[in-house]
Amino acid sequence: MPVTTGCGRCIAACADLCQKASRFPNTRITDNAGRGLKMTGDLWHDSEPNSVWKVTLSHAEKLGLGTQNYTLVRV
């Protein structure tokens with residue numbers, strides 16, 4: 001996941017919104033569940049069990065590329 005200066009909050013907010021989205025049938029997540037893989041509720045991990053997406057955001061924050069602390073305002 002690319003991270004650019006000033007967009008750390010945008011990327012974290014996007015990831016958080018995706019996590020809250022409904023899961024659709026006939027997707028990699030439902031295929032994985034059908035194969036007996038334990039679902040964690042984490043969209044990225046359930047679609048790709050080896051995903052380390054949270055590490056990417058934390059690393060970007062440590063590098064000063066943004067922050068994961070934000071307030072999402074719906075308009």
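Residues are numbered from 1 along each chain as its sequence is written. In this predicted model, local features need pLDDT of at least 70 and side-chain atom pairs count only at pLDDT 80 or more, while totals for chains, interfaces and linings use all residues; side-chain values use heavy atoms, with hydrogens and water left out.

**The nonpolar core**

Select Ile11, Ala12, Ala15, Trp53 and Leu57. These five residues form the largest nonpolar core, a core being a set of buried Ala, Val, Leu, Ile, Met, Phe, Trp, Tyr and Cys residues joined through side-chain atoms within 4.5 Å. Buried stands for under 20% relative accessible area, exposed for over 50%, and partly exposed for what lies in between (1.4 Å probe, protein chains only). Now colour helix H1 (8-20) and helix H4 (53-62), each of which supplies at least two residues of the core. H1 gives the most, with three residues. Helices are DSSP runs of H or I, at least four residues long, and strands are runs of E, at least two; both are numbered from the N terminus.

Stay on Ala12 and show its surroundings. Apart from neighbours within four places in sequence, Ala12 is in contact (heavy atoms within 4.5 Å) with Leu57, Gln68 and Tyr70.

**The cysteines of H1**

Next, select Cys14 and Cys18. The structure holds zero disulfides, a disulfide being a pair of cysteine sulfur atoms within 2.5 Å. For Cys14, the nearest cysteine sulfur is that of Cys18, 4.3 Å away.

**The salt bridges**

Two salt bridges are found in the whole structure, the term requiring a side-chain nitrogen of Lys or Arg within 4 Å of a carboxyl oxygen of Asp or Glu.

Select Arg28 and Glu48 to see one of them, with closest N and O atoms 3.1 Å apart. Arg28 lies in helix H2 (residues 28-34) and Glu48 in the loop between helix H3 (43-47) and H4, so the pair ties together parts 20 residues apart in sequence. Glu48 is partly exposed, at 30% relative accessibility.

Then move to Lys54 and Asp42, whose side chains form a salt bridge at 3.9 Å, N to O. Because Lys54 is in helix H4 and Asp42 in the loop between H2 and H3, this pair ties together parts that are twelve residues apart in sequence. Is Asp42 buried or exposed? Asp42 counts as buried, with 13% relative accessibility.
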